Amino acid sequence: MQSEPETVCNVAISFDRCKITSVTCSCGNKDIFYCAHVVALSLYRIRKPDQVKLHLPISETLFQMNRDQLQKFVQYLITVHHTEVLPTAQKLADEILSQNSEINQVHGAPDPTAGASIDDENCWHLDEEQVQEQVKLFLSQGGYHGSGKQLNLLFAKVREMLKMRDSNGARMLTLITEQFMSDPRLSLWRQQGTAMTDKYRQLWDELGALWMCIVLNPHCKLEQKASWLKQLKTWNNVDVCPWEDGNHGNELPNLTNALPQGANANQENMGQCKSLEYQHLPAHKFLEEGESYLTLAVEVALIGLGQQRIMPDGLYAQEKVCRNEEQLISKLQEIELDDTLVKIFRKQAVFLLEAGPYSGLGEVVHRESVPMHTFAKYLFTSLLPHDAELAYKTALRAMRLLVLESTAPSGDMSRPHHIASVVPNRYPRWFTLSHIESQQCELASTMLTAAKGDVRRLETVLESIQKNIHSSSHIFKLAQDAFKIATLMDSLPDITLLKVSLELGLQ
C-alpha cells in the first residue's frame with residue numbers, strides 16, 4: 001500500500017529435486033504457509049530462470065582454486081564476517097592442524113550447496129512449530145471467528161499433499177492430531193459426561209477419514225505403516241481420546257437433529273460437484289481389458305455400500321452411517337452409466353445376492369445388520385432399464401428389516417417366566433429407526449411405480465410390503481402412492497394397482 005514504506009527483505013530458498021526444502025526471510029512473518037516474499041522469489045525464479053545466476057556447488061569452485069586463491073578466499077570471508085565467524089574459523093583451523101582430531105578422520109568436507117544424495121528422502125519445507133501454534137489457536141477459539149473453517153482449510157491442505165504424494169501430508173496430520181488430543185475441552189467434557197458439539201465431532205470425523213487415506217496408501221513403506229499404527233494405538237489409549245461411537249456411552253439422542261430424507265438429502269452439499277465430468281482413464285497393469293480408474297472406483301463403491309455391518313450403538317455414529325451412505329450414493333448418481341459400468345453393476349448385484357455373511361444382500365444377515373434400503377433403491381433404478389429381473393430380485397431381498405421382527409422362541413408357552421428371560425430387547429437403541437423405515441417405504445414405492453401394468457411383479461411387491469413393513473403410517477402412505485400411480489391422468493386406471501391400494505389400506 002502507498003501509505004506503507006517500502007521494505008527490502010532478504011530471502012533464501014533451498015531446492016532439492018524441484019521441491020522447496022527450506023526457506024528463510026528477514027520479514028519475520030510466522031505462518032503455516034510461506035510469506036509473500038518467499039512466494040514472490042519463487043515466482044521470479046520460475047518465470048525468469050535466466051535472471052537467477054546458477055552457481056556450481058561451492059566445493060567445485062574451491063576445487064578449481066590454487067593455494068594462494070584459497071588462502072585469499074578464506075581470509076576475505078573471515079574479514080567480511082569476522083565478528084560472527086572468527087571463533088569458528090580458529091576452532092576449525094586448530095582441529096585441521098591436529099592429526100588426531102575427529103574432523104581429520106572423515107574424508108572430504110560437507111557442502112551445503114551441493115544438495116542431497118539421490119537416495120536421500122526429500123520433502124517440502126514445513127514449519128512444524130507454526131502448524132502446532134495455528135491449530136492450537138483455532139481450537140482455543142471454540143468454533144468462533146471462522147476457526148472451524150480455518151481447520152477445514154488445513155485438512156484440505158493435507159488432502160492436497162496426499163494427492164501430490166508429498167510425505168509432509170502424514171507429518172502435518174500428525175501435528176494436527178496431537179493438538180486435537182491435547183485440547184483441554186476433551187478432559188472437561190469427559191469429567192462432566194457431556195457430549196461434544198456436532199461441529200467439533202465433524203472435525204474429528206475428518207481427522208479419522210484422513211488417517212484412513214494415509215494408512216491405506218499403497219505407495220508407503222511397511223516401516224511407515226508400522227510407525228503410524230504404533231502412533232494411532234498410542235493416541236487411542238489416551239483416556240480423553242473420543243470414541244467414534246459416542247461420548248463414552250453418556251450420549252443421549254438429540255431428537256431435534258433430524259436426518260434429511262432420501263438419497264438426495266446431501267445435494268420403496270454435493271452441488272458444487274455437479275460440474276465434474278467423469279471419464280474412463282485407462283488403468284495400466286491391471287489384469288482385465290477395458291478396466292479404467294472409473295470402473296475400479298465404481299466397483300469399490302458398490303462393494304463398500306453392499307457390505308454387511310452391524311449398526312453401531314451411539315446416536316452420532318448411527319447418523320453418520322446414513323450420512324456417509326447417502327453421500328457416496330449421491331456421488332455415484334453424478335456418473336452416467338455406460339455399457340461398461342452397467343456390466344459392473346450386474347456383476348456386483350449378482351455377487352452380493354449370492355455372497356455369504358460379508359454381504360448385506362445375502363440370504364442370511366444379522367438381526368441388527370444395517371439395512372440396505374437406500375443402496376437397493378439406487379441399484380434398482382440403475383439396473384431397471386438393463387436387467388429388470390435382477391433389479392427386482394435385489395430390491396425385494398433388501399426390503400427386510402429384521403430388527404423389527406419378533407424374536408420370541410417357539411418353546412414351552414406354559415412357562416412364560418422362562419421365555420421372558422431369553423427374549424432380547426425387541427427394539428435396540430436404533431435412534432435412526434424412523435429414518436430407516438421411511439427409506440424402506442421409499443424403496444417399496446419405487447418398486448410399485450416401476451411395476452405398474454405388471455400383475456406378477458405387483459403381487460410380489462405387495463407380498464414383500466405386507467411381510468416386511470411394520471409401520472401403519474408407512475403402509476397407509478404406500479396405499480396412497482399405489483392409488484395415485486394407478487389413477488394417473490394419462491392412462492386408464494390400473495386395476496391391479498387399485499387392488500394393491502385397497503389391500504394396503506385395509507391392512
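Is E128 buried, partly exposed or exposed? E128 is partly exposed, with a relative accessible area of 34%. Here buried means under 20% relative accessible area, exposed means over 50%, and partly exposed lies in between, using a 1.4 Å probe and protein chains only.

A word on the model comes next. It is a predicted model in which local features need pLDDT of at least 70 and side-chain atom pairs count only at pLDDT 80 or more, while totals for chains, interfaces and linings use all residues. Residues are numbered from 1 along each chain as its sequence is written, and side-chain values use heavy atoms, leaving out hydrogens and water.

Back to E128, which is found in helix α5 (residues 128–140). Helices are DSSP runs of H or I with at least four residues, numbered from the N terminus. Leaving aside residues up to four places away in sequence, E128 touches R171 and L175; such a contact means heavy atoms within 4.5 Å. E128 and I176 are 48 residues apart in sequence, and their C-alpha atoms are 9.8 Å apart in space.

| Helix | Residues | Length | Span, first to last C-alpha | Expected span at 1.5 Å a residue |
|---|---|---|---|---|
| α11 | 293–306 | 14 residues | 20 Å | 20 Å |
| α18 | 455–468 | 14 residues | 20 Å | 20 Å |

The expected span is 1.5 Å times one less than the number of residues.

In α11, the buried residues are L294, T295, V298, E299, A301, L302, L305 and G306. Seen down the axis of α11, these buried residues fall within an arc of 160°, so they line one face of the helix. The arc is that of the directions from the helix axis to the C-beta atoms. Among what covers the buried residues of α11 are α12 (315–332), α13 (339–354) and α14 (373–383).

In α18, the buried residues are R457, L458, V461, L462, S464, I465 and N468. Down the axis of α18, its buried residues also fall within an arc of 160°, so they line one face of the helix. On the other side of α18, E463 and K467 are exposed. The buried residues of α18 pack against α15 (388–398), α17 (433–450), α19 (472–486) and α20 (495–506).

Technical notes: Helix = DSSP H or I, 4+ residues; strand = E, 2+ residues; numbered from the N terminus.
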